[in-house]
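Please open the structure in the viewer and keep the selection tool at hand.

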Amino acid sequence: MDLRGAGRRPSLPESRSRGVGRALLHGVLGRFGDVPMTLTAARAGRSLHDSLGFIPVADATWWG
């Protein structure tokens, strides 16, 4: 099975809520078509990811 993943894509505060993340994800999704994809993202992007069809399956904890 072919699988792709999209990692965290933080944005600058002045770029948020201006369609930048949506445009990036549309580009990725368009490139890979129907290939299953995983996404690791911050909670702040949840509404965007939900609107693009991603389904949450687990929470992740990051240590720095």
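Begin by selecting Gly45 and His49: the backbone oxygen of Gly45 lies 2.8 Å from a polar atom of the His49 side chain. The model on display is a predicted one.

Keep His49 selected and colour the helix around it. His49 belongs to helix H2, which covers residues 46-51. Is His49 buried or exposed? Its relative accessibility is 7%, and His49 therefore counts as buried, the cut-off for that class being under 20%.

Next, select Thr40. This residue sits in the loop between strand E2 (37-39) and H2. With a relative accessibility of 29%, Thr40 counts as partly exposed.

Now display the whole protein as a cartoon. Two helices and two strands are present, and along the sequence they follow the pattern β-α-β-α. Of the 64 residues in the protein, 12% are buried. The protein exposes about 5400 Å², of which carbon and sulfur atoms supply 55%. If contacts are drawn between residues at least 6 apart in sequence, 71% of them join residues at least 24 apart.

Finally, colour the model by confidence. The average pLDDT of the protein is 79, and 83% of the residues score at least 70.

Key. Residues are numbered from 1 along each chain as its sequence is written. This is a predicted model: local features need pLDDT of at least 70, side-chain atom pairs count only at pLDDT 80 or more; totals for chains, interfaces and linings use all residues. Side-chain values use heavy atoms; hydrogens and water are left out. Helices (H or I, at least four residues) and strands (E, at least two) are DSSP runs, numbered from the N terminus. Buried means under 20% relative accessible area, exposed over 50%, partly exposed in between (1.4 Å probe, protein chains only). A polar contact is a pair of N or O atoms within 3.5 Å; within protein, one must be able to donate a hydrogen and the other to accept it, and residues adjacent in sequence count only if both atoms are side-chain atoms. pLDDT is the predictor's confidence in each residue, from 0 to 100. Contact means heavy atoms within 4.5 Å. Accessible areas come from the Shrake-Rupley method with a 1.4 Å probe; for residues, only the protein chains shown count as cover.
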